[in-house]
Amino acid sequence: ISLKGLNEFQIRQILNLAYQDGGTIESDDKALIVKEKELLVKKDGMLEIVNFKEEIDDIGGLSNLKKWLRRKSTIFKDLDHAIKFGVDVPKGMLIVGMPGCGKSLTAKATANLFEIPLVRLDVGRLLGKYVGESENNMRKALNLAEAISPCVLWIDEIEKAFAGIGGTIGGNEVTTRLFGHFLTWMQEKENTVFIVATANNIDNMPPEFLRKGRFDELFFVDLPNGDERRAILKIHLKKRNKWNSKIDTIALIQATEGFSGVDLESAVKDAIEECFIKKLKDVSTENLLESIKRTKSITNTLGERIK
Ligand code: ATP
């Protein structure tokens, strides 16, 4: 299944490479296939390959979402058996919620977990100036995604991508048609393109988009609660080798009410930088509390809208 979308020459090349490094063809050789597919996407230009190193354990909190993804990854990693067994191929998910709370991070971690390439669809890039050009580009982009599948197709800020749907003038008509095309494709798709759509706000999304059958699941990502904030702080401190067990996480949790994931990360970065400049060896709770005080959280800047 991984070799789908490649021509005979490309397949031979990959098998040769895989054979040379180790003498046998093993499941680790999937990386070679992913690389070859990246080249294919780069050449076409309709989609963008996104590189990632984020792992599922780099996401703090969001435990339901992570559990669900782990389940789906069992299917994606063993697709041919799963399909033969009668399992429905997962279609994808929509993640809605607060800015800076891990939506993009999840898109990347999903591709990593499923061991498949991540390609981004930028709807704005598909818009052309001639009649029918945009629809044609959309068709090409979706065909390409199918050709390189299994892959994760990431549509970031989907509410903006299809903004103005239902309008009657100019550009809006085009986005409405594009959207219709995309919906039909999603509804009918029987391929192994796993869609991760992310959005900050779905108030203005047409209800047919959210109907059952389009996405397998819709997740709401809220500002992290206390335990989640602890996990996120720990992840970012550990990543920079500055975690130590003397850090009082209860004090940190109390001081970071209303912080988003990215706010927490920037407080950690700021504290570490400060410690380096002051020539301190370790980061202490006090250093962190000071940098937390300096950080303007999302709730601070966007309070009313978040409410
Ligand atoms: P936006 O809607 O603004 O695109 P987003 O929800 O996609 O926001 P991300 O890009 O995923 O936000 O988050 C930005 C950065 O903040 C991440 O790269 C990560 O370092 C950190 N971060 C956010 N949420 C989490 C989390 N739950 N766990 C760990 N780190 C997080």
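**Exercise 1. The ligand shell**

How many residues surround the ligand, and which are the closest?

*Solution.* The model examined here is predicted.

Step 1. Count the shell: the ligand is surrounded by 17 residues. The closest are G60, G100, K103, S104 and E265.

Step 2. Sort the shell by residue class. It comprises 7 nonpolar, 7 polar and 3 charged residues.

**Exercise 2. Polar atoms facing the ligand**

*Solution.* 

Step 1. Turn to the side chains. In S104, a side-chain N or O atom lies 2.5 Å from an oxygen atom of the ligand. For E265, the distance between a polar side-chain atom and a ligand oxygen atom is 2.8 Å.

Step 2. On its own the ligand has 630 Å² of accessible area, of which the protein covers 81%.

Step 3. Assign the shell to secondary structure. Two or more shell residues come from each of α5 (103–114), α11 (226–239) and α13 (261–277).

**Exercise 3. The nonpolar cores**

*Solution.* 

Step 1. The largest nonpolar core has 40 residues. Those touching the most other members are L47, L121, L153, I158, F162, F182 and F209.

Step 2. Elements giving two or more residues to this core include the helices α2 (30–44), α6 (123–126), α7 (133–148), α8 (158–161) and α9 (171–188). The most is given by α9, with 7 residues.

Step 3. Take F162 as an example. Beyond its neighbours within four places in sequence, F162 contacts V123, M138, T175, L178, F179 and F182.

Step 4. A separate second core contains 30 residues, among them I75, L113, V152 and V221.

**Exercise 4. Backbone features in loops**

*Solution.* 

Step 1. The S149 to P150 peptide bond is cis, and its omega is near 5°. P150 belongs to the loop that connects α7 and β4.

Step 2. L62, a residue other than glycine, has a positive phi near 50°. The loop between β1 (48–49) and α3 (63–76) holds L62. Because the relative accessible area of L62 is 14% and buried means under 20%, L62 is classed as buried.

Step 3. E115 is also not a glycine, and its phi is positive, near 60°. E115 sits in the loop between α5 and β3 (118–120). Its relative accessibility is 38%, so E115 counts as partly exposed.

**Exercise 5. The surroundings of T24**

Is T24 buried or partly exposed, and which residues does it touch?

*Solution.* 

Step 1. T24 is placed in the loop between α1 (8–20) and α2.

Step 2. With a relative accessibility of 38%, T24 counts as partly exposed.

Step 3. Setting aside residues up to four places away in sequence, T24 touches A18, Y19 and D29.

Step 4. Compare T24 with G102, 78 residues away along the chain. Their C-alpha atoms are separated by 38 Å.

Conventions. Residues numbered from 1 in each chain as written. Predicted model: local features only at pLDDT ≥ 70, side-chain atom pairs only at ≥ 80, totals over all residues. Heavy atoms only, no water. Near = heavy atom within 4 Å. Polar contact = N/O pair within 3.5 Å; in protein donor to acceptor, adjacent residues only side chain to side chain. Areas by Shrake-Rupley, 256 points an atom, 1.4 Å probe, with all protein chains shown as cover. Helix = DSSP H or I, 4+ residues; strand = E, 2+ residues; numbered from the N terminus. Nonpolar A, V, L, I, M, F, W, Y, C, P; charged D, E, K, R; others polar. Core = buried A, V, L, I, M, F, W, Y, C linked by side-chain atoms within 4.5 Å. Buried < 20%, exposed > 50% of the residue type's maximum accessible area, 1.4 Å probe, protein only. Contact = heavy atoms within 4.5 Å.
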